[in-house]
Amino acid sequence: MGIAEVALHTMPGAFAAHSPASNLPLGADARRRKRNANLVPNARALPGLLKIPRLRSVRRQCQRIDDLARVTEGNGTWVKDAMNNASQAVGDGRPDQAVGGNGGLNGHTVKPPPQRRKTSSVEDEAWELLQESMAYYCGSPVGTIAANDPNDSDPVNYDQVFIRDFIPSGIAFLLKGEYEIVRNFILYTLQLQVLAVSCYLIFFMLFSFKVRTVPLDGDEDATEEVLDPDFGEAAIGRVAPVDSGLWWIILLRAYGKCSGDLSVQERIDVQTGMKMILKLCLADGFDMFPTLLVTDGSCMIDRRMGIHGHPLEIQALFYSALLCAREMLAQEDGSADLIRALNNRLIALSFHIREYYWLDMQKLNEIYRYKTEEYSYDAVNKFNIYPDQISPWLVEWIPPKGGYFIGNLQPAHMDFRFFSLGNLWSIISSLATTHQSHAILDLIESKWSDLVAEMPLKICYPALENQEWKIITGSDPKNTPWSYHNGGSWPTLLWQLTVACIKMNRPEIAAKAIEVAERRIAADKWPEYYDTKRARFIGKQARLYQTWSIAGFLVAKLLMEKPDAARILWNDEDAEILNALSTNRKRGKKVLKKTYIV
Ligand code: GLC
């Protein structure tokens, strides 16, 4: 029995309890009943590969997440123990603090759903579908499942609540004034996360979870609901969802900004959760760069696609999460070191990305003329990039006006592909300078027929083909050229395009893209993605009624009506970082050289 197993077996099991079948959420529709009918056997296969036992589902008496504080009183000690373990794991130094903050959230009243306006039938349909995709735990909404196609007999794991997929859903609910589901999502996912740390003594990021209704041991007539988490141990390819924790922090800030309820972010358990994520991201490793080092498939592209190393998407989310967390972290003695590390990282990260990931006509020409094998602190070609890496497509494609951040940078390797999410989130988080942000939007405009065409938005451009596809994807039949992650078009990216355009005061670009999507997305049954160079076909293996396609469209529409609301998502350019960067440039980068290659 390994350490993790010992931890699991010694975990307090006091919370196994039941709720009668009649306690199932009121008003559950047929689809939800069908989902809940998939009863799970108690014994689950363990992923032998990792020798980590599967974390048993969270079984506890149905109660509101707010009542957790009460569990820590009396004899129900597991949450307290879990938090204490987690606190110690992050070196919080406050082992005896119980769950619960100064929020006093018990008795929080649930707002009735706001009246829906009759604007566009597509929007109305989207809203209805979004509501149908809601997952309930003990009667409370806790998330939305990834896809909700009634005709799909084999949903694989698309009937689960994915952390990253819930973000546009959560934003849509916030914009509609429905805060409860977001609040529950934040707190329940935190609970699952903390439980994992407590059990395994290692930090895993939560990939997804499922609300399961299982028969109660020894009672034929009763069932109980359990939250069954997946930390990537069941996910296809066993990918590590590094983006989950970063998204969780971004959503937490958006929740506070939109609802005005800061008590969630002030709770001690939530503060500890934030610190857990930050500590993991800021931990020392074998890396030379301030960017976050991850394995392939650790973000929206969750399959082998040659994005291991330092992919842009993770860096932009990392930067955004650091800024969001800094806003929310309680200023106290115990956090001083963490905040110092966070500030240093922000400066180094923004310098590194702005300087070395940036590509435009001028920079490409510099790379084209690079000398190689430069040994020195002052090398111009710091990463020893061989100019022969510049692919013929890029020479043709780079527009005279505009630019973008490349997908990845490693020693002797630049991934020149354009990745939409990373570039858009660089604008949203102000990782890109104002000039770079405009240049990215200029590029999107000038490459409209490549990036938007008949459905926004290409996940990346161009696709890997032939030998490259074979070598880089491992001949992945789902990621064939111009399909899925390999140059497919994803409607969910519409909301991120909209936030970026609103932030840069260029909403007309988003409006054009929304119009393109609106022409066919509902008739096409809200697909997950589209195939072909111009996004003409519904993706070969695309799910229909994909929740984040629906939510992404809704958020884009809602934000166009209320552009100011987009502020809950973006980060303003930070004056201190700007200052540090210009000082750094004047002093010849000596300040940052000490810690990272910058
Ligand atoms: C696909 C996407 C991933 C998403 C999942 C569920 O695997 O690549 O980003 O979370 O589907 O929709």
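Phe 209 is buried, with a relative accessible area of 1%, where buried means under 20% relative accessible area, exposed over 50% and partly exposed in between, as computed with a 1.4 Å probe on protein chains only. The structure is a predicted model, in which local features need pLDDT of at least 70 and side-chain atom pairs count only at pLDDT 80 or more, while totals for chains, interfaces and linings use all residues. Residues are numbered from 1 along each chain as its sequence is written, and side-chain values use heavy atoms, with hydrogens and water left out.

Phe 209 belongs to strand β5 (residues 208–215), strands (E, at least two residues) and helices (H or I, at least four) being DSSP runs numbered from the N terminus. The C-alpha atom of Phe 209 is separated by 5.6 Å from that of Gln 160, although the two residues are 49 residues apart along the chain. When neighbours within four places in sequence are left aside, the contacts of Phe 209 (heavy atoms within 4.5 Å) include Val 142, Gln 160, Val 161, Phe 185 and Leu 192.

For the protein as a whole, 23 helices and 14 strands are assigned, and buried residues make up 61% of the 598 residues. Of the contacts with a separation of 6 or more, 73% are accounted for by residues 24 or more positions apart.

The largest nonpolar core comprises 176 residues, and those with the most contacts inside it are Ile 249, Tyr 404 and Trp 526; such a core is a set of buried Ala, Val, Leu, Ile, Met, Phe, Trp, Tyr and Cys residues joined through side-chain atoms within 4.5 Å. Helix α11 (residues 312–328) gives the most to this core, with 12 residues. Not counting residues up to four places away in sequence, Trp 526 touches, among others, Val 122, Leu 129, Arg 543, Gln 546 and Phe 553.

Helix α11 also contains Gln 315, which counts as buried at 0% relative accessibility. Residues touched by Gln 315, again not counting those up to four places away in sequence, include Thr 291, His 310, Leu 349 and Leu 431. Gln 315 and Leu 349 are 34 residues apart in sequence and 8.0 Å apart in space, C-alpha to C-alpha.

Strand β2 (residues 134–137) pairs with β3 in the antiparallel sense over 4 bridges, pairing being assigned if DSSP finds at least two bridges between two strands. The bridge partner of Met 134 in β3 is Thr 144. The two strands, β2 and β3, form a hairpin with 2 residues between them, and Cys 138 in the turn has a positive phi of about 50°. Strand β3 (residues 140–144) is mostly covered, with 5 of its 5 residues buried.

A search of the whole structure finds 22 salt bridges, each defined as a side-chain nitrogen of Lys or Arg within 4 Å of a carboxyl oxygen of Asp or Glu. One of them joins the side chains of Glu 327 and Arg 253 (3.1 Å, N to O); Glu 327 lies in helix α11 and Arg 253 in helix α8 (residues 242–259), so the pair ties together parts that are 74 residues apart in sequence. Arg 253 is buried, with a relative accessible area of 5%. Lys 275 forms a salt bridge with Glu 332, the closest N and O atoms being 3.2 Å apart, and this pair links distant parts of the chain, with Lys 275 in helix α10 (residues 268–282) and Glu 332 in the loop between α11 and α12 (336–357), 57 residues apart. Lys 275 is buried at 3% relative accessibility, whereas Glu 332 is partly exposed at 30%. A further network of salt bridges links Lys 401, Asp 442, Glu 445 and Arg 506.

The ligand is surrounded by 13 residues, of which the closest are Asp 165, Met 300, Asp 302, His 485 and Gln 546, a residue being near a molecule if one of its heavy atoms lies within 4 Å of it. Polar side-chain atoms lie 3.0 Å from an oxygen atom of the ligand in the case of Arg 164 and 2.6 Å from an oxygen atom of the ligand in the case of His 485. For Gln 546, an N or O atom in the side chain is 2.9 Å from an oxygen atom of the ligand.

Note on methods. Polar contact = N/O pair within 3.5 Å; in protein donor to acceptor, adjacent residues only side chain to side chain.
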